Amino acid sequence: MQSANMLLRKIVRSSVLPFAAQHGMKKDLFPLSRTLSLSLCLKQDKSCEPSEKLDLDAWKKVMKSGFQEEVSETVSEPKEPSSLAAASEMLEMWRLSGRLVPENITEEQLKTFMECPSKSAKKKYLKFLHLKELYKKRKMDKKMERRLEAQDQDSKTDETKRNSIIYLQTSTMDKAYNWRAAQSMIFGQPLVFDMSYEKEMSDREVANTVRQIVLSESCNRRSADPFHIHFCNFKDDSLYHREFIKQYREGWGKLLITVTDQCYTEIFPKDKLIYLTADSPKVMKTFDHNKIYIVGSMVDKSIKTGVSLARAKRLQLETAALPLDKYLLWSTGAKNLTLDQMMHILLTLKDTADWNKALEFVPKRKYSGFVNKPVNKPVKELKKTLDLINALKLRKRPEEVQKQFAKNYPKKYKLK
Amino acid sequence: VQPPEKPLQAEEWNKLREDCQPPEKFEEVMLNNMIRCNSPIDVAKSLLTDLAKRNGDIAYNVLVKYLTLCVRQGQVSEIRDVYDIMKVRFKVLESGAYNLLIRGLSNSDQWRMALTLLEEVKKIMIPSRTCYESCIKAASCHQEMKLAFELYDEMLAKDVVPTLGILQSFFDFSRHMKDEELQKKLFGILLYLRENQIYPHKTFMQSIKLWFESIPGGNWRGHLTNIKDSGQCPVCNHQLEDSNLTEEEYSNLSERIIKDVIHGTDTFRKTSPQEFEAFQTFVENQLPFDIVIDGLNVSHIKPRRMQCENLFDAVNCLAKENARLLVLGRKHMLRNSSNWKIEIMKEMQNKADFFFAENISDDDAFLLYATLRSGKHCKFVTRDFLRDHKACLSDSGMRHLFRKWQRGHQIAFSASAEGSIKFLPAFRYDCVVQTTGDTWHIPYKDVFEEKYSYQVPTKWLCIRQK
């Protein structure tokens, strides 16, 4: 009996009462009467089994009793018939069930969500929003941290603030960069971004493209000898345009680049143009300072091969691909690189003509090492062994393999 | 962590909770483990009780996990209780919970409740195919065939693809029934299999066989068999359908191949307009061919031989009985190199017509076009499965037509041990569910046999009426 009482008291204390208090139902005797009945059934339980026993269904009573009032509230609320509200309710439930769903969602995003053609598209979109929210939160946290740190430092050393060398430096650097960019607009080697792929991409791909171009432009501006960037086939009020304004805001008008709706073939002589595309059958050997390279402004998440090659074919332009296989031991991933990686590679080539140095900008996960570098000899060796193992597996020409093995390895390893 | 075997007291749960990192995840981790180990339901209940007393509330995801455990153990009254609690506590439920509830209730005597739940789901979204499966199975299990078929038609109307389990349950539960309407419906399902080129698995095939044999007064007899290469059924000597398309299907398919596969979004991606035009005039002038050969594909058959020799062997092999051959290749084959000798190429050009595409053009698309233009008798030779081209076709109907045509017209080949090339002739018959009214022939696959989209089953069920 004592234990039952304990239990009863606990229930009253821990759950029902606070809830009732929350709803201003203190005077209502309802929760009490419920607990009374609860104690009754507990008593019965006890009578049949003298040992200490748990009431396994106690949680149900708690769950049911706690929310009786809430129900009456929700019923009195006018039911929202709009599908938007229903969708957001649905999202809330998904979030509760532990799916990857953003906590806050705008009406616009909700509409996009509802327009997704399939269940998996919906799931993907929600996951995207969820991750975006997560990154944003993390960024904000970091910002706050930094701000706090900065405040700490400010209070410690007031002198640096007065002695504003740092501020001066950034603004002078900006000026210097702009000066170089302006010079490049007169004397620099042109580099063309072909902005004619909007139809091939989804909205998100266009946004990603623009983000990559912004990164490329900034690294170009900071380089010692920038390219003169051309945006060709650029239509006003296109999706590209809108995204650029989103990214640059008022800076868009002040960029030191050439933006035109003309095609590159109208601006430059055809024989000087080289279209860079991973699908090209020709491999680039050296960087030519007299040519004009074209990069397609396209992010291609749904493997559309040959789109930019088709464009070059149509205009009868020369094409080239980076010599990735010649210099790198490729392991995984597509051979198409992001636009900012292309920009880094081209800038490095222009300055140094060193392929090994330029191809450092290929993401490390995509290759296992450089072909010629002495440091990576083990990799080469490894490849040889792998080939050998494969040959053994396929049981091709066993004598030949054995001979090769004997040549490569000391006597103590023997093939059986 | 191993879930406990008996219900625990609050203190004991506390002890366990302290060991868990992080403690907030304790319930989730514990319930997941319970589901994995299929722990007794009382243990989960004691955990929930402890949780309710701690927080005065139980989170939705915890309830769903508990529900999973109940469904797995068929605890119908518990499922109902959880549903009541959820309904009181939340305005709507999400798909996961509905799936579980419907699955749990449809297996019990409260299966009608699953139907009302299905109605509830329909208000907020399109129910999943497994929801429909549970309900249809429940309805047909209780001999409510009309209701089951209503649900089936409804899901088809909503473009929800039925599972094989649903289709099988119709056959399982319609045995020994003498009902014309029902029979028609089941024949309809067999035709659905035919249209969508679905092959039943072994147990499904057994259900079909048993149903046929159980029809009162139907006198159907089923036999398992293998069809001869000639396309004749050894049991009833019936000749199976061939894979020829009708005139209309044929012209539709060639049109779509040109439109979707060759041109696609941009003609320049696979060829160029000039090249395609040149190819078209070439083909029109030389029509019709008997066999179209993918030259580069054939030339790689034996890696240690010169590529042009491989091709030469293949052409010699196929050039019997005045068959008109077309070999498709690329321009680089004409340049004298270690793999391509001009003399051999010249000799081959006496025996067959050649078309050389640009080195960066896609020769497969030309292969399809030339074969289709030559007519129904024309076959093509390649080891390629042509899956990428099938994928270019925009609708599934066309893809089915393409597959059907491919089965009947593709000659595959392999290098035999003695050094000659063996050609595997195209199917003389179409591998698809088919009927003549008093016979049915149904291809099926063994469950354990791996099946790729290009493979067709070799085993058949022959059903005939005596």
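Chain B has a radius of gyration of 30 Å, whereas a compact globule of 466 residues would have one near 23 Å; the radius is taken over C-alpha atoms, and the globule rule is 2.2 Å times the number of residues to the power 0.38. The model is predicted: local features need pLDDT of at least 70, side-chain atom pairs count only at pLDDT 80 or more, and totals for chains, interfaces and linings use all residues. Residues are numbered from 1 along each chain as its sequence is written, and side-chain values use heavy atoms, without hydrogens and water.

**Chain B overall**

- Along the principal axes, the C-alpha atoms of chain B fill a box of roughly 90 × 65 × 45 Å.
- Chain B has 20 helices and 10 strands, taken as DSSP runs (helices H or I, at least four residues; strands E, at least two) numbered from the N terminus.
- Of the 466 residues, 52% count as buried, that is, under 20% relative accessible area with a 1.4 Å probe, protein chains only.
- Among contacts in chain B with a separation of 6 or more, 69% join residues 24 or more positions apart; contact means heavy atoms within 4.5 Å.

**Packing of H8(B) and H10(B)**

- Helix H8 (residues 129–141) of chain B packs against helix H10 (residues 164–173) of chain B at about 5 degrees, with the axes 9 Å apart.
- H8(B) and H10(B) are therefore roughly parallel to each other (angles under 35 degrees, on a scale from 0 to 180 degrees between N-to-C directions).
- H8(B) contributes residues including Tyr132(B), Ile136(B) and Cys141(B), and H10(B) residues including Ile166(B), Phe170(B) and Phe173(B).

Methods: Chains are lettered from A and ligands numbered from 1 in the order in which they are written. Angles under 35 degrees count as roughly parallel, over 145 as roughly antiparallel, 65 to 115 as roughly perpendicular and the rest as oblique. Buried means under 20% relative accessible area, exposed over 50%, partly exposed in between (1.4 Å probe, protein chains only).
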